[in-house]
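Here's a quick tour of a protein with a ligand in it. Have a look at the model, then we'll start with the ligand and move on to a few individual residues.

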Amino acid sequence: MFVITGPSGVGKGTLIRGLRERIPELELSTSATTRPPRPGERDGVDYYFLSDAQFDRLLAQGAFIEHATYSGNRYGTLRSELERRLERGVPVVLEIEVQGARQVRETMPDAQTVFIAPPSQEALRARLIGRGTDAAAQVDERLRTAARELESSAEFGHVVVNDRLEEATERLAELVGRALQAQAERDRRS
Ligand code: 5GP
């Protein structure tokens, strides 16, 4: 299992798309959130869009591997998204923020964690504004959170700086490819 974390706007989603083109067997876990859908986002594809009450119900049932509140909304990884894949030996990628990545690191120490860092704070601001999905107040809030998140990059197994997309994708794919090979080798021996 691979956990890709890092600040909002750093390009985690784009990098993961590139990663899955290079390593098609990787599957992306669909998260649950209480954030309203953005234009074009589809329920069950981009996220499972839930009410607060639905989220609470799942939380009480122990349905989440990890969960966090981010910019006033809740996000969580459903146990079912992972288990049905890991049971079949299918490698899974999570794209989550830092608090959730920490929880996964504690509860699933075998997970490979990768922190994606921006080349600079300015680059991150430009990206968050440029993608046009968040109102100005939300961009500021996300940047404040990003500054805190950046301080924690060293906690994670690997750091990839998203300076040039192609090169960063290549570095990420190399790292994931190596981990998959090592796992295959362990499986062969056991
Ligand atoms: P957005 O609202 O931009 O889709 O996501 C906001 C942040 O929440 C991003 O950093 C994204 O990676 C993170 N996120 C998405 N799904 C999950 C999840 O299941 N758990 C956690 N902890 N964070 C998530």
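## Who surrounds the ligand

For sorting residues, Ala, Val, Leu, Ile, Met, Phe, Trp, Tyr, Cys and Pro count as nonpolar, Asp, Glu, Lys and Arg as charged, and the others, Gly among them, as polar. On that basis the shell around the ligand is made of 8 charged, 5 nonpolar and 4 polar residues. This is a predicted model, where local features need pLDDT of at least 70 and side-chain atom pairs pLDDT 80 or more, while totals for chains, interfaces and linings use all residues. Residues are numbered from 1 along each chain as its sequence is written, and side-chain values use heavy atoms, with hydrogens and water left out.

In total, 17 residues surround the ligand, each with a heavy atom within 4 Å of it. The closest are Ser31, Arg35, Tyr47, Tyr75 and Glu97.

Which groups make polar contacts (pairs of N or O atoms within 3.5 Å)? The side chain of Glu95 puts an N or O atom 3.0 Å from a ligand oxygen. From the backbone, an N or O atom of Gly76 is 3.1 Å from an oxygen of the ligand, and one of Thr77 is 3.4 Å from a ligand oxygen. The protein covers 96% of the 510 Å² of accessible area that the ligand has on its own (Shrake-Rupley method, 1.4 Å probe).

Arg85 belongs to helix α3 (residues 79-86). Is this arginine buried or exposed? Arg85 counts as buried because its relative accessibility is 7%, and buried means under 20%, exposed over 50% and partly exposed in between (1.4 Å probe, protein chains only). Its side chain reaches the backbone oxygen of Glu81 at 2.9 Å.

Ser71 sits in the loop between β5 and β6. Although Ser71 is not a glycine, its phi is positive, at about 50 degrees. Ser71 is also buried, with a relative accessible area of 14%.

## Out at Arg164

Arg164 lies in the loop between β9 (158-161) and α7 (165-189). With a relative accessible area of 57%, Arg164 is exposed.

Definitions and conventions:
Polar contact = N/O pair within 3.5 Å; in protein donor to acceptor, adjacent residues only side chain to side chain. Helix = DSSP H or I, 4+ residues; strand = E, 2+ residues; numbered from the N terminus.
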